[in-house]
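Subject: Structure handover

Hello,

Please find the sequence and structure below. My notes on the aromatic residues and a few other contacts follow.

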Amino acid sequence: MMRISTKGRYALRIMIDLSHQKSGEPVSLRSVAERQDITLKYMEGIMTHLLRAGLVVSIRGKAGGYYLSRPASEYTVYEILKAAEGDLSTVHCLSTPQNFCPLHEECNTLPLWMGLQDVIKQYLESYSLEDLKGTGPNQQFCDSHFPMEPDSGA
């Protein structure tokens, strides 16, 4: 089963939290961590991915912190999850621009996986950060009650 990891879900929560701050005003990671109940160390790792993707801006120093690099309406959920997760492919052979599977030309299921991947991408691109913003940074998220990934039993 394709599953968005905690890293992706928390990245989305962090971005929603930052979307509630005044444009261009840096917010400390500590304050976001407290509001979102995410450990600071785990959040720092996520912020590295968001920074690298150009989704947030970092200001160093005593009054430093992070802020969104553009308005919330210009972010898609897809780009945020992709920045955090890296690969959102439905199957391994679609994880690179060129399909290196030796059977890809004869694969009967490849069109299915490609179609599913396209549907997922289109769906996630249809939601902006603004769409998920809600009323304030202290919102509840269903993933906050289940922070650990359950054992699949496999």
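A search of the whole structure, which is a predicted model, turns up two aromatic pairs. Rings of Phe, Tyr and Trp (its six-membered ring) pair if their centres lie within 6.5 Å; planes under 30 degrees apart are stacked, over 60 edge-to-face, and the rest tilted.

Tyr-10 belongs to helix H1 (residues 6-19) and Tyr-42 to helix H3 (residues 40-52), so the pair ties together parts 32 residues apart in sequence. Helices here are DSSP runs (H or I, at least four residues), numbered from the N terminus. Tyr-10 is buried, with a relative accessible area of 7%, whereas Tyr-42 is partly exposed at 34%. Buried means under 20% relative accessible area, exposed over 50%, and partly exposed in between (1.4 Å probe, protein chains only).

The rings of Tyr-123 and Tyr-127 also pair: their centres are 5.3 Å apart and their planes at 65°, so this pair is edge-to-face. Tyr-127 is partly exposed, at 33% relative accessible area.

Leu-116, in helix H5 (residues 110-125), is partly exposed at 38%. Its C-alpha atom is 7.3 Å from that of Thr-90, 26 residues away along the chain.

On the numbers: residues are numbered from 1 along each chain as its sequence is written, and side-chain values use heavy atoms, without hydrogens and water. Local features need pLDDT of at least 70 and side-chain atom pairs 80 or more, while totals for chains, interfaces and linings use all residues.

Regards

Key
Helices (H or I, at least four residues) and strands (E, at least two) are DSSP runs, numbered from the N terminus.
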